[in-house]
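Hello,

Here is the structure I promised to pass on to you. Have a look at it first, and then read on for what turned up in it.

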Amino acid sequence: MYKMTEKEKIDLLSRLISFKSVNNGELEIAAFIKQLFSAHGIESEILPITEKRSNLVAEIGQGGPVIAISGHMDVVSEVDANLWDTDPFSLVEKEGNLYGRGTADMKSGLAAMVIAMIELKENDLLKNGTIRFMATVGEEVGGYGSRWLFENGYTDDIDALIIGEPSGHEIIYAHKGSIDIRLISKGEAAHSSIPEMGYNALNPLLEILTQARHIFESVREENPELGKLTYNATIFNSGDQVNSIPDIAVAEMNARTIPEYDNERVIEVLQALVDKENEKGSSVEMDVYMSEDPVVKAKDNDLTNLAQLISKKYLGINFDKKVSPGVTDASNLLANHKEFDFPFMMYGPGNYKIAHKINEFVAKDEYLAFSDIYVDLLSLYLNKLPNA
């Protein structure tokens, strides 16, 4: 029976952490995983998105049903390496935890899935169905790696989906959607003593942001699982000198959506506010640079129930089934699987509350356990299902 040693598992995560894939550079990780898979007889495909960014897709097994497992290769910035107790891009073990940028979000989940693929293949544990491993780019900003997979048909035939994001000892079966919007207002510069000689680019954005806040705060629609829509203006830039009328102003905002007040509706409201200002003589452009729909699936099914049992077996913890205010690649990967009873869960090592923080970490025992959890979960789930 082939099984990776603890040292090999730690070394794998250490190697993944060493790649500084801060909103870029995933091609190196994809090439590394491809080489590792090849050494174990697993065929994979590098799918270029840009010069330095590539998704990776690999499969083991054959026929239906097809269960997809997915994780992203990018990480957020370390913010300031001097604020860390350790080098953010070197895996450091301390007091039972593994520290480094991406240990929780989500290179430990990615590594555990890679290990599971290798052990399942080496031990010929799949007697039925196919596992499709999908490593994505750009999840932290834009989600365009997962959107590319959807648009190019890689999710058309899947029958279940597991996202290996850190689930914090929970099984996430539903999450809010997310929209990132940028407003660019163009005016004409002038001296502040004679503002009538120019056009203040800041003013129309102030109007739009104020009205948008009032509109979205008054929304009464609510989802029984996810709660209410949330909206926040988060970035505002205008001008560079106090006595000059700014000729350009930029604002960015984020909304977390629910099915009852979805992405399309939020965009329509903001576009109407933009149009209203432009009718008064302003020049405001709206750019929706990320839009991912909410995902709401059944809480109880064979996949989530099995995950609950296996979690208890390996970690001695009862993983509750819950929803999340965050968003995952599932929004794109399930864009053509809208049915409520489609088996889905976000389920992986680490705590989402630690993601993006200084001194990010994952518990060593939990990371090691999850590779075994995935092996058991995937083999048991697929082997008991009839052929599609």
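Which kind of contact do the side chains of Arg132 and Asp157 make? They meet in a salt bridge, with 2.6 Å from N to O. Before going further, please keep in mind that this is a predicted model.

**Salt bridges**

The Arg132 and Asp157 pair links distant parts of the chain. Arg132 belongs to strand 6 (residues 129–136), while Asp157 sits in the loop between helix 4 (144–151) and strand 7 (160–163). The two are 25 residues apart. Arg132 has a relative accessible area of 8%, so this residue is buried. Asp157, with a relative accessible area of 40%, is partly exposed.

Searching the whole structure gives 22 salt bridges. Another one of them joins the side chains of Glu119 and Lys3, at 3.9 Å from N to O. This pair also links distant parts of the chain: Glu119 is in helix 3 (residues 103–122) and Lys3 is in the segment before helix 1 (6–18), 116 residues apart. Is Glu119 buried or exposed? Its relative accessibility is 3%, so Glu119 counts as buried. Lys3 counts as partly exposed, because its relative accessibility is 45%.

The side chains of Lys9 and Asp372 form a salt bridge too, at 3.7 Å from N to O. Since Lys9 lies in helix 1 and Asp372 in helix 9, this pair ties together parts that are 363 residues apart in sequence. Both partners come out as buried: Lys9 at 5% relative accessibility, and Asp372 with a relative accessible area of 17%.

His40 is found in the loop between helix 2 (26–39) and strand 1 (44–48). What does the side chain of His40 meet in a polar contact? The partner is the side chain of Glu122, at 2.7 Å. Leaving aside residues up to four places away in sequence, His40 touches Tyr2, Ile118, Lys121 and Glu122. With 15% relative accessibility, His40 counts as buried.

Gly41 is in the loop between helix 2 and strand 1 as well. Gly41 has a relative accessible area of 45%, so this residue is partly exposed. From Gly41 to Ser291 there are 250 residues in sequence and 37 Å in space, C-alpha to C-alpha.

In soluble globular proteins, nonpolar side chains tend to be buried together. Here the largest nonpolar core has 59 residues, and those that touch the most other members are Phe37, Ile131, Phe133, Ile162 and Tyr347. Helix 9 (residues 364–383) gives the most to this core, namely 11 residues. There is also a second, separate core of 28 residues, with Leu183, Leu226, Tyr231 and Ile258 among them.

**An open sheet and its helix**

An open sheet is formed by 4 strands, in the order 13-15-9-16, with antiparallel pairing. Its edge strands are strand 13 (230–238) and strand 16 (284–292), each of which pairs on one side only. On average, neighbouring strands of this sheet are turned by 15 degrees against each other, direction ignored.

Helix 5 (residues 202–217) packs on the sheet and touches strand 9 (177–186), strand 13, strand 15 and strand 16. The direction of helix 5 makes about 170 degrees with that of strand 13.

How many bridges join strand 13 to strand 15 (residues 248–257)? There are 8, and the two strands run antiparallel. To locate this pairing by eye, look for Phe236, whose bridge partner in strand 15 is Ala251.

**Strand 8 and its neighbours**

Strand 8 (residues 170–175) is mostly covered, with 6 of its 6 residues buried. Strand 8 pairs with strand 18 (residues 320–324) in the parallel sense, over 5 bridges. Within that pairing, Glu170 has Asp320 in strand 18 as its bridge partner. With strand 17 (residues 295–296), strand 8 pairs in the antiparallel sense over 2 bridges. There, His175 stands opposite Val295 of strand 17.

Best wishes

Definitions and conventions:
Residues are numbered from 1 along each chain as its sequence is written. This is a predicted model: local features need pLDDT of at least 70, side-chain atom pairs count only at pLDDT 80 or more; totals for chains, interfaces and linings use all residues. Side-chain values use heavy atoms; hydrogens and water are left out. Buried means under 20% relative accessible area, exposed over 50%, partly exposed in between (1.4 Å probe, protein chains only). A polar contact is a pair of N or O atoms within 3.5 Å; within protein, one must be able to donate a hydrogen and the other to accept it, and residues adjacent in sequence count only if both atoms are side-chain atoms. Contact means heavy atoms within 4.5 Å. A nonpolar core is a set of buried Ala, Val, Leu, Ile, Met, Phe, Trp, Tyr and Cys residues joined through side-chain atoms within 4.5 Å. Two strands pair if DSSP finds at least two bridges between them. Axes are lines fitted to C-alpha atoms, for helices over the stretch in contact, and angles run from 0 to 180 degrees between N-to-C directions. A salt bridge is a side-chain nitrogen of Lys or Arg within 4 Å of a carboxyl oxygen of Asp or Glu.
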